[in-house]
Amino acid sequence: MSAVVRFLGGFKTRPKSTCGPLKVKNYLIHDYIDRYAVTACHNGPCVRGQRLFIRPIESGDADDVRRFFAVNAKAGEPPALGLIGKLVGDLVAVLSMEITGDAVRIDDVFVARELRRKRIGRFMVDELAKLARKIDRDRIVVEPPSDTREFFRRIGFEEAELPMMVRRLL
Ligand SMILES: CC(C)(COP(=O)(O)OP(=O)(O)OC[C@H]1O[C@@H](n2cnc3c(N)ncnc32)[C@H](O)[C@@H]1OP(=O)(O)O)[C@@H](O)C(=O)NCCC(=O)NCCS
């Protein structure tokens with residue numbers, strides 16, 4: 001476990017990008033603006049033209065995570081192991097996980113309510129996939145609630161080992 005903790009401590013995502021505010025006309029519909037924002041940023045995951053900064057959770061994040069959960073009416077304590085996503089310095093997503101002998105298991109992934117369907121959940125799990133490969137795990141597993149199985153299907157998970165879903169990493 002200590003090797004894993006050392007690894008996570010040293011796990012660095014790329015620095016905040018220089019993606020600035022987008023110059024998009026106000027008459028464009030919001031959906032289009034969001035999609036444009038994502039495709040306009042080639043320097044990592046972007047949401048509304050801002051870089052989503054993802055990194056492993058640290059003990060010093062606990063208060064921030066508690067506040068984020070409270071604002072989003074989510075029960076539970078900050079996870080000991082996981083990732084957080086920040087947008088312009090604000091916490092917008094938390095992923096909690098366990099590392100097992102042959103896989104990485106997602107225990108929960110939670111995105112701020114007002115920012116859902118903007119690919120943040122996808123980016124969080126993609127980042128987890130990179131991490132899993134680095135620690136020689138070739139699959140991510142999750143046992144999702146029924147109303148989020150479609151989300152996991154769309155981001156590459158298969159209905160395998162029911163009720164678990166599995167994303168195999170190449
Ligand atoms: C599930 C959750 C993490 C998804 O995050 P998100 O940022 O809204 O998802 P994304 O925008 O990255 O969606 C990726 C794809 O899944 C689809 N999707 C997202 N949520 C979905 C849902 N609830 N049902 C069906 N499809 C969904 C999106 O339309 C998108 O599809 P596309 O890429 O083909 O256009 C978020 O809704 C959430 O925090 N839910 C509450 C907590 C929860 O139940 N977590 C799962 C526990 S393991």
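Strand β5 (104-111), helix α4 (120-134) and strand β6 (residues 139-142) form a right-handed β-α-β unit in this predicted model. A crossover is termed right-handed if, with the strands pointing away from the viewer, the path from the first strand over the helix to the second runs clockwise. Helices (H or I, at least four residues) and strands (E, at least two) are DSSP runs, numbered from the N terminus. Local features require pLDDT of at least 70 and side-chain atom pairs count only at pLDDT 80 or more, whereas totals for chains, interfaces and linings use all residues. Residues are numbered from 1 along each chain as its sequence is written.

Strands β5 and β6 run parallel and are joined by three bridges, pairing being assigned if DSSP finds at least two bridges between two strands. Ile140 in β6 is the bridge partner of Val104. On pairing with strand β7 (residues 165-168), β6 adopts the antiparallel sense, over four bridges; here Val141 has Val166 of β7 as its bridge partner.

The ligand is surrounded by 21 residues, the closest being Arg116, Gly121, Arg122, Glu150 and Phe151; a residue counts as near if its C-beta atom, placed from the backbone, lies within 6 Å. Two or more shell residues come from each of β5, α4 and α5 (149-154), and β5 gives the most, with five. By class, the shell comprises 10 nonpolar residues, two polar and nine charged, where Ala, Val, Leu, Ile, Met, Phe, Trp, Tyr, Cys and Pro count as nonpolar, Asp, Glu, Lys and Arg as charged, and the others, Gly among them, as polar.
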